[in-house]
Amino acid sequence: DISVCTIVLEKTPSFNDLTQSLEYYGFDAYTNAINLQREYYQEFACEFDLYFYPFDTQVCHMVFALQGFTKEFIALQMDGIGVEYTGKKNLLEYEIQDWKIFFDNTGEMSQAEVKIVFRRNVEFHLFGVFLQQMILILVGFLTYFFEVTNFSDRVMVSLTLMLVIATITASIQMTLPATPYFKMIDIWLFFSMNLMVLSLIFHTYLEHVVGKESRDISRPSSALVLVTKKVDPEEKAKEGDHPYAKKINLISTLMYVVVVTIFSTVFWIVAFIEFIKPASEYMDKKIE
């Protein structure tokens with residue numbers, strides 16, 4: 001700590017008293033103030049609320065109180081602008097938005113609270129997480145346009161997407177702070193992964209439907225038919241229209257679009273509202 005004691009000359013001091021052979025400068029304590037300026041270096045731990053991570057805005061509270069002295073003896077008051085932030089506003093992960101100081105003299109001791117509001121830089125997460133996974137979700141949507149009989153390609157693409165999303169999710173989770181609750185980015189990762197799982201389940205069910213229709217097509221009729229050309233049952237099955245399989249594939253394609261659209265709309269509206277919230281809303285004068 002650094003302490004500097006100064007005397008504010010508010011009145012002309014008295015000089016030497018020749019009658020007593022004393023050389024001095026006299027300052028009347030009633031009219032001349034003594035200022036003690038002290039500089040502290042203190043580390044503070046801030047509690048974060050990460051529900052909206054990575055679109056969150058955090059508030060760091062620093063509470064100062066004079067212990068051992070009631071407000072009747074010493075009371076904290078604002079001097080000049082009160083508090084000044086001299087560091088860089090654009091940090092590695094955050095951007096400093098605002099800072100203010102508040103005083104509370106309602107209790108027995110005088111207290112001061114400094115609040116610093118800072119918002120997380122979201123560019124890395126937008127391009128490194130959300131954009132990549134939106135592209136993967138789009139690729140998963142394209143699998144619904146494969147032929148209904150092309151089960152191998154559908155499953156191969158879906159499994160590859162699941163593997164890529166699982167790898168991205170694992171790498172992201174290693175860098176995220178551990179919390180007992182779901183963050184917004186956790187909800188996004190959970191949705192992306194399970195969307196691919198549901199797509200794989202649907203493609204498996206579609207293969208079952210296609211196989212059933214193929215067996216129905218290749219089953220010989222009970223009526224007497226004059227056969228003039230030998231027909232391969234498997235080739236005949238592939239040439240079938242598979243109306244039911246195409247119907248449920250079309251329904252699933254529309255459902256895929258609806259689910260992704262609704263989820264993305266709600267997700268990004270909530271994220272946008274939280275991200276653009278002004279710093280003034282976090283400046284509550286009540287000391288917590």
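Where pLDDT is low, the predicted coordinates should not be read in detail.

**Ground rules.** I note that this is a predicted model, in which local features need pLDDT of at least 70 and side-chain atom pairs count only at pLDDT 80 or more, while totals for chains, interfaces and linings use all residues. Residues are numbered from 1 along each chain as its sequence is written, and side-chain values use heavy atoms, with hydrogens and water left out.

**Confidence.** I read a mean pLDDT of 81 for the protein chain, with 78% of the residues scoring at least 70. Helix α4 (residues 233-238) has the lowest confidence, at a mean of 49. The highest is in helix α5 (residues 243-275), at 94. Helices (H or I, at least four residues) and strands (E, at least two) are DSSP runs, numbered from the N terminus.

**Sheet.** I traced an open sheet of three strands in the order β3-β5-β4, with antiparallel pairing. Its edge strands are β3 (57-65) and β4, each of which pairs on one side only. Neighbouring strands of this sheet are turned by 15 degrees against each other on average, direction ignored. Two strands pair if DSSP finds at least two bridges between them; for β4 (residues 94-104) and β5 (residues 111-120) I noted ten bridges. These two strands form a hairpin, with six residues between them.

I then went along β4, where F102 is placed. F102 counts as buried because its relative accessibility is 9% (buried is under 20% relative accessible area, exposed over 50%, partly exposed in between, with a 1.4 Å probe and protein chains only). From F102 to A112 the C-alpha distance is 5.6 Å, at a separation of ten residues in sequence. The residue opposite A112 of β5 is F103.

**Helix pair.** How do α1 and α5 lie against each other? The axes of α1 (residues 123-142) and α5 come within 11 Å and cross at roughly 165 degrees; axes are lines fitted to C-alpha atoms, for helices over the stretch in contact, and angles run from 0 to 180 degrees between N-to-C directions. That makes α1 roughly antiparallel to α5 (under 35 degrees is roughly parallel, over 145 roughly antiparallel, 65 to 115 roughly perpendicular, the rest oblique). On the α1 side I listed L126, F130, M134, I137, G140 and F141, which meet T253, Y256, V257, V260, S264, F267 and W268 in α5.

Technical notes:
pLDDT is the predictor's confidence in each residue, from 0 to 100. Contact means heavy atoms within 4.5 Å.
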